[in-house]
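Subject: Structure for you to look at

Hello,

Please find the structure below.

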Amino acid sequence: MALPKGLARFNRVVTNRVTGPFAARLPGFAIVHHIGRKSGRPHSNPVNLFHHDDRYVIALTYGADSQWVRNVMAAGEARVRTRGRTIHLVEPQIVHDRTRSRVPAPVRPILGAVNVSDFMVLRRRS
């Protein structure tokens, strides 16, 4: 179970506007840039991003049915801005991982406390 959708709406309107400028620079955070699958408009969302082996992992704190997740899955790609650089990621996959093994050990209990066990796994475009 992910965080409540009401919290997602509040974050979209309030919190994301405050944290957005910092999320592209802080470790463990990123801004995912994607195109609306229906509107064709560009969108961006702050996310928790981690590097695991040769892949990038995004914690799906609001679940796999969030609009941005659907947009990235439909497009098969996204650009993320993290630590001041932009990375083009492709081949998104949704992974259910109750052990949270793809994220750093210090982050696992935090995600566990909010019952997050779904992740988007992507690879960097060659």
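In helix α2 (residues 67–75), W68, V69, N71 and V72 are buried. Buried means under 20% relative accessible area, exposed means over 50%, and partly exposed lies in between (1.4 Å probe, protein chains only). Seen down the axis of α2, these buried residues fall within an arc of 160 degrees, so they line one face of the helix. The arc is that of the directions from the helix axis to the C-beta atoms. An α-helix has 3.6 residues a turn, so residues three or four places apart point the same way.

What covers that face? The cover over the buried residues of α2 includes β1 (29–35), β2 (42–52), β3 (55–59), β4 (77–82), β5 and β6. Just after α2, G76 takes a positive phi of about 75 degrees.

Note that this is a predicted model: local features need pLDDT of at least 70, side-chain atom pairs count only at pLDDT 80 or more, and totals for chains, interfaces and linings use all residues. Residues are numbered from 1 along each chain as its sequence is written, and side-chain values use heavy atoms, with hydrogens and water left out.

Now the overall layout. The chain has three helices and six strands. From the N terminus on, the elements run α-β-β-β-α-β-β-α-β. Helices (H or I, at least four residues) and strands (E, at least two) are DSSP runs, numbered from the N terminus. Of the 126 residues in the chain, 38% are buried. Take the contacts between residues at least 6 apart in sequence: 57% of them join residues at least 24 apart. Contact here means heavy atoms within 4.5 Å. The accessible surface of the chain comes to about 7,400 Å², and 55% of that belongs to carbon and sulfur atoms. Those areas come from the Shrake-Rupley method with a 1.4 Å probe; for residues, only the protein chains shown count as cover.

Next, the charged pairs. How many salt bridges does the structure hold? There are three. A salt bridge is a side-chain nitrogen of Lys or Arg within 4 Å of a carboxyl oxygen of Asp or Glu. Side chains of opposite charge can pair when their charged atoms come close.

- R123 pairs with E91, the closest N and O atoms being 3.1 Å apart. This pair links distant parts of the chain: R123 sits in strand β6 (residues 118–124) and E91 in strand β5, 32 residues apart. R123 is partly exposed, at 24% relative accessibility.
- D97 pairs with R102, with 3.5 Å between the closest N and O atoms. D97 is buried, with a relative accessible area of 7%. R102 is partly exposed at 26%.
- D54 pairs with R55, the closest N and O atoms being 3.7 Å apart. D54 is exposed, at 55% relative accessible area, and R55 is partly exposed at 27%.

Finally, a closer look at E91. This residue is found in strand β5 (residues 85–96). Not counting residues up to four places away in sequence, E91 touches R55, G76, V121, L122 and R123. Two of these names have come up in the salt bridges: R55 pairs with D54, and R123 with E91. The C-alpha atoms of E91 and A75 are separated by 9.2 Å, with the two residues 16 apart along the chain.

Best wishes
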